[in-house]
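Today I opened a new structure in my notebook. I wanted to look up its charged side-chain contacts.

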Amino acid sequence: MNINDVYLWLNSIEGITNNNINQIESNNIDIKNLINFSDKEIYNLKNINTNIKKNIVKYKSLTYLEEIKSNLEKKSIKYVSIYDELYPSNLKNIYDAPKILFYRGNLNLLKNNINLAMVGSRKCTQYGINCAKSISKNLSDIGINIISGLAIGIDTYSHIGCLEGKGKAIAVIGSPLDNILPRRNIKLAQKILDNDGLILSEYNIGKNVYPSNYVYRNRILSGISDGVIVVEAAKKSGALITVEYALDQGKNVFSIPGNINSCMSEGCHKIIKEGAILIHNIEDILNEYKNIRCEYVKDSKKYDNIKLSEKSIEILNLIKDNGVLNIDEICDNTKMEVKYVNTILNELVLKDLLIEMNNQVYSLNI
């Protein structure tokens, strides 16, 4: 039996984890022949839980393996082991690298491309949504692929922004590929695949889904990336777990600053103080990848390259100096009537130079 099929067989047995496979291999056996071991030989394996051994004996069948392969094929799900040439090379050397990955879509995206992960809070603010979509789209516009976890919140908007550019969206999920979670993002997952993207999981079809899956999958999310961008995160956000994995793996970590009064930015500010690279625009990200040839043209939306009225430029400069302003503050500072200011703001939003947040609050589009 080839090693891909051995890992597929073991991964399919309930209760067997990546760590259990490592423990089996620590017995210095020819694991490719494990399915042909006698029951006694299996029960004699060391460092393996008795229930695990029982399940190995129970499912010790080539017929069972062929049934698994048939079910995967019916659902257009492919798999690749750590010894396969298609396996992502930058994932092989991380701590507890998955022995097998299941995927749908274009696995070649993980070779010879720039792939950046974007993570953040599920309970994101409008500011976080705007930042996630804008930065993801701008990176995607220059051909960078964006990786995220398909979760509600920042993950979702990171994928959406990427799909608007020419880069490809990559999702790493904590459930089997035939059980996309959360269910509200099933259509988004399909859009990713329709756009020649990729969805990855280390969980075989039929596997139970546990909360710990989502924490543990973050090592894969950061492992296949060239760096991790934290868009918005509270002090105890799960996104910071991805940061820990990224640091352990020697990856760049970037963070977007937020409102100092917002608890949803506390995690971002914390990691900036600890050394994460503060992002003001995507140039701050690209500066860390000078060795990668990337055709980057400075922001074509920059207002000094677009024909605008003096009043429009005055408003843009005002917002630039203050970060965010509501329409009343803009009127007070410019001494212009609200009706006139509102017309200019709408024009600048349409030209993609400003982002309108809640309650007529405006910020520059990064």
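Here are my entries on the salt bridges.

I'm working with a predicted model, where local features need pLDDT of at least 70 and side-chain atom pairs count only at pLDDT 80 or more, while totals for chains, interfaces and linings use all residues. Residues are numbered from 1 along each chain as its sequence is written, and side-chain values use heavy atoms, with hydrogens and water left out.

**Entry: the search.** How many salt bridges turn up in the whole structure? I got 10. The term stands for a side-chain nitrogen of Lys or Arg within 4 Å of a carboxyl oxygen of Asp or Glu.

**Entry: helix α5.** I found Lys-69 paired with Glu-66, N to O at 3.9 Å. Both sit in helix α5 (residues 62–74), 3 residues apart, about one turn. (A helix is a DSSP run of H or I, at least four residues, numbered from the N terminus.) I looked up accessibility too: Lys-69 is partly exposed at 24%, and Glu-66 is partly exposed at 45%. My cut-offs for relative accessible area are under 20% for buried, over 50% for exposed and partly exposed in between, with a 1.4 Å probe and protein chains only.

**Entry: helix α6.** Next I checked Asp-141 and Lys-137, whose closest N and O atoms are 2.9 Å apart in a salt bridge. They are 4 residues apart in helix α6 (residues 126–141), about one helical turn. Asp-141 comes out partly exposed at 31%, and Lys-137 is partly exposed at 25%.

**Entry: one more pair.** I also noted a salt bridge between Glu-274 and Lys-270, 2.9 Å from N to O. Glu-274 is exposed at 57%, whereas Lys-270 is partly exposed at 33%.

**Entry: a network.** Last, I saw that salt bridges with shared partners join Asp-5, Glu-66 and Lys-69 into one network.

Notes
Helices (H or I, at least four residues) and strands (E, at least two) are DSSP runs, numbered from the N terminus.
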